Amino acid sequence: MTAPAERPSVLFVCVHNAGRSQMAAAFLTHLAGDRVRVRSAGSAPADTVNPAVVEALTEVGIDISAEVPKVLTAEAVQASDVVITMGCGDTCPFFPGKRYLDWELPDPAGQGVEAVRPIRDEIEKRIRGLIDEITPAS
């Protein structure tokens, strides 16, 4: 039996790390399990995760109520194979050899759960595609 390849590492970045990046990290963790290392961070983190985001994920069986927004660090970017930005602009550090993707998604800040659901569903769709790209078939 051969040793498994090292797990790919993905970092999701948005401004407040309270909505889109939290949803993306939660979906990747939920759907890929231990096949992928997952991080999320924000260039200007909020104090708490958006309650509408917590509610929208709870509706699909994912609990992020204990998550807290984290500050983006150069170390987190360096430790990641794939960096997915969601509106953090030019504040995300760039390191050669990393794969960068920019996912344009509406910002759920200040929105109710009704407005968050379509964002959640789009993120889930993109995460499923990402898993197919970065993990070996089982």
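Pro 8 lies in the segment before strand S1, where helices (H or I, at least four residues) and strands (E, at least two) are DSSP runs numbered from the N terminus. The model is predicted, so local features need pLDDT of at least 70 and side-chain atom pairs count only at pLDDT 80 or more, while totals for chains, interfaces and linings use all residues. Residues are numbered from 1 along each chain as its sequence is written, and side-chain values use heavy atoms, with hydrogens and water left out.

At 13% relative accessibility, Pro 8 counts as buried; the term means under 20% relative accessible area, against over 50% for exposed and partly exposed in between (1.4 Å probe, protein chains only). Not counting residues up to four places away in sequence, Pro 8 touches Arg 35, Val 36, Arg 37, Asp 81 and Ile 134, contact being defined as heavy atoms within 4.5 Å. Its C-alpha atom is separated by 19 Å from that of Trp 103, which is 95 residues apart along the chain.

Asn 17 is placed in the loop between S1 and H1. Its phi is near 50°, a positive value in a residue other than glycine. Asn 17 is also buried, with a relative accessible area of 0%.

**Helix H1**

Helix H1 covers residues 20–32; its 13 residues reach 18 Å from the first C-alpha to the last, close to the 18 Å expected at 1.5 Å a residue. That expected span is 1.5 Å times one less than the number of residues. H1 is mostly covered, with 10 of its 13 residues buried. Among the buried residues are Arg 20, Gln 22, Met 23 and Leu 28. The cover over the buried residues of H1 includes strands S1 (9–14) and S2 (37–42), together with helices H2 (51–58) and H4 (113–134). After H1 comes Gly 33, with a positive phi near 60°.

Phe 27 is found in H1 and counts as buried at 2% relative accessibility. Beyond its neighbours within four places in sequence, Phe 27 is in contact with Ala 32, Leu 57, Val 60, Ile 62, Arg 120, Ile 123, Glu 124 and Ile 127. The C-alpha atoms of Phe 27 and Pro 51, 24 residues apart along the chain, are separated by 17 Å.

Axes are lines fitted to C-alpha atoms, for helices over the stretch in contact, and angles run from 0 to 180 degrees between N-to-C directions.

| Helix pair | Axis distance | Angle |
|---|---|---|
| H1 and H4 | 9 Å | about 45° |
| H2 and H4 | within 9 Å | roughly 60° |

The angle of roughly 60° makes H2 oblique to H4; angles under 35 degrees count as roughly parallel, over 145 as roughly antiparallel, 65 to 115 as roughly perpendicular and the rest as oblique. The contact is made by Ala 52, Val 53, Glu 55, Ala 56 and Leu 57 of H2 and by Val 113, Val 116 and Arg 120 of H4. By class, the contact of H2 with H4 has 6 nonpolar, no polar and 2 charged residues. Here Ala, Val, Leu, Ile, Met, Phe, Trp, Tyr, Cys and Pro count as nonpolar, Asp, Glu, Lys and Arg as charged, and the others, Gly among them, as polar.

With an angle of about 45°, H1 is likewise oblique to H4. In the contact, H1 contributes residues including Met 23, Phe 27 and Leu 31, and H4 residues including Ile 119, Ile 123 and Ile 127. By class, the contact of H1 with H4 has 12 nonpolar, no polar and 4 charged residues.
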